Amino acid sequence: MTEVQGAGEILRCSGCGISLQSEEQNKPGYIPQQALEKEPVICQRCFRIKNYNESSSITVQQDEFLRLLGQIGGKKALVIHIVDIFDFHGSVISGLQRFIGNNPVLLAVNKIDLLPKVTNWNKVRNWVQKEAKEMGLKVEDVVLCSAKQNSGFDRLLETLGELRGDRDVYVVGATNVGKSTLINRLIRDYSDLDQELTVSRYPGTTLDMVHIPLDDGKFIIDTPGIVYSSRYTELVSPKDLGVILPDKPMKPAVYQLNEGQTIFFGGFGRFDFVQGERQSFTCFVSGRVPLHRTKLEKADDLFANHAGEMLNPPSKESIDELPEWTRHEFRIAKGSKSDLFISGLGWIKVNNELGAVVAVHVPKGIKVMVRPSII
Ligand SMILES: Nc1nc2c(ncn2[C@@H]2O[C@H](COP(=O)(O)OP(=O)(O)OP(=O)(O)O)[C@@H](O)[C@H]2O)c(=O)[nH]1
Ligand SMILES: [Mg+2]
């Protein structure tokens with residue numbers, strides 16, 4: 001396949017970074033010949049995502065991308081590592097330093113608009129700092145922001161100014177955390193460029209590095225997201241993605257439970273209160289996930305007989321596409337406030353300091369863990 005050349009260089013899509021070609025319509029980077037005349041030059045896939053909100057089945061070769069990421073280690077760079085506050089432990093790149101060497105890292109925690117309106121942001125920031133440290137992530141600073149609602153940007157830019165010097169800025173993260181949205185915000189509000197990166201609600205939008213020039217001859221570089229198959233968001237159908245991803249502030253749902261009670265999250269997963277004194281649990285999930293309380297002793301049968309029907313979404317067909325459920329049991333110690341975290345679906349806060357034995361059932365492979373409460 002021949003790549004399209006422009007001024008001696010391979011022409012790239014200004015939305016997703018893929019090298020362009022006009023020969024094979026079903027291959028990445030396809031652009032109809034006549035569209036090459038138009039500005040800005042974007043591939044057909046980006047055109048469709050932008051205009052029709054289409055999902056796309058093209059995925060990046062992860063090995064290739066990890067290799068690309070590894071090149072940052074040999075450069076003089078400032079790295080903005082973006083994570084999604086709704087999926088913090090699912091979207092953090094563990095071992096980031098392995099790829100980027102000793103370059104300084106600014107941790108930008110995005111989508112803070114999804115947390116309840118009354119949130120103690122200082123507490124969240126401290127929590128992020130502590131969790132990052134726990135994971136061995138060395139960061140210069142932590143910024144909480146919302147690329148969607150344009151909050152936290154003053155602080156972000158100030159910190160960028162302090163740390164950047166004469167470095168290029170690489171924006172890295174897992175898929176769908178808002179890397180391209182954040183850069184678009186910077187382009188729109190702080191530059192005269194009329195470039196717009198492609199963003200979509202589906203993971204895997206950006207396909208290659210996209211270099212955006214800064215005033216001083218340096219670049220800010222958008223990168224493709226890393227795919228972690230341990231995130232629920234990478235597993236579900238495009239339709240169900242719209243269900244499990246919140247798009248407005250979460251309204252926590254509080255349940256007073258006796259031991260031996262279960263809560264179903266539609267047909268996506270289930271939480272069992274196995275043992276302990278009566279206490280309250282708070283569910284932080286998207287408002288579109290229907291919660292259903294039942295008896296633990298009935299829960300297996302209920303799922304076997306009503307998954308995809310009473311317990312929906314997902315539909316029966318979608319459930320059949322997902323891996324089988326596995327059960328994760330945890331003993332929550334007395335006197336600790338903990339979240340039972342399910343990557344991509346949300347978390348359940350264990351409120352009272354009484355201690356409890358709890359369990360979660362979700363498709364095999366999805367990351368489940370207990371962590372100190374975020375709020
Ligand atoms: N609620 C909320 N949604 C956001 C925010 N920033 C981005 N999003 C949404 O997150 C989705 C993914 O955004 P992208 O900018 O495409 O994410 P990305 O990290 O570039 O994704 P890849 O290119 O797939 O790696 C889109 O639906 C955005 O609208 C935010 O601050 N809050
Ligand atoms: Mg992107």
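The model is predicted. In it, Ser180 and Thr206 coordinate the magnesium ion (ligand 2), strand β6 has six of its six residues buried, and helix α10 has Ala299, Leu302 and Phe303 as its buried residues.

**Magnesium site**
- The magnesium ion (ligand 2) is coordinated by OG of Ser180 and OG1 of Thr206, at 2.0 to 2.2 Å.
- Ser180 belongs to helix α7 (residues 179–190) and Thr206 to the loop between α7 and β7 (210–213), so the pair ties together parts that are 26 residues apart in sequence.
- Both Ser180 and Thr206 are buried.

**Strand β6 (residues 168–173)**
- Both faces of β6 are covered, with Asp168, Tyr170 and Val172 buried on one side and Val169, Val171 and Gly173 buried on the other.
- β6 pairs with strand β3 (residues 77–84) in the parallel sense over six bridges, and Asp168 in β6 stands opposite Ala77.
- β6 also pairs in the parallel sense with strand β8 (residues 219–222), over three bridges; here the bridge partner of Val171 is Asp222.

**Helix α10 (residues 296–306)**
- The buried residues of α10 are Ala299, Leu302 and Phe303. They span an arc of only 95 degrees around the axis, which puts them on the same side of α10.
- Elements that cover these buried residues include β10 (261–265), β11 (269–275), β13 (291–295), α11 (316–321) and β14 (325–332).
- The face turned away from the buried side carries the exposed residues Glu297, Asp300, Asp301, Ala304 and Asn305.

Key. Residues are numbered from 1 along each chain as its sequence is written. Chains are lettered from A and ligands numbered from 1 in the order in which they are written. This is a predicted model: local features need pLDDT of at least 70, side-chain atom pairs count only at pLDDT 80 or more; totals for chains, interfaces and linings use all residues. Side-chain values use heavy atoms; hydrogens and water are left out. Donors are N, O and S atoms within 2.8 Å of the metal (3.2 Å for Na, K and Ca); water is not among the atoms, so sites may look incomplete. Helices (H or I, at least four residues) and strands (E, at least two) are DSSP runs, numbered from the N terminus. Buried means under 20% relative accessible area, exposed over 50%, partly exposed in between (1.4 Å probe, protein chains only). Two strands pair if DSSP finds at least two bridges between them. The arc is that of the directions from the helix axis to the C-beta atoms. Contact means heavy atoms within 4.5 Å.
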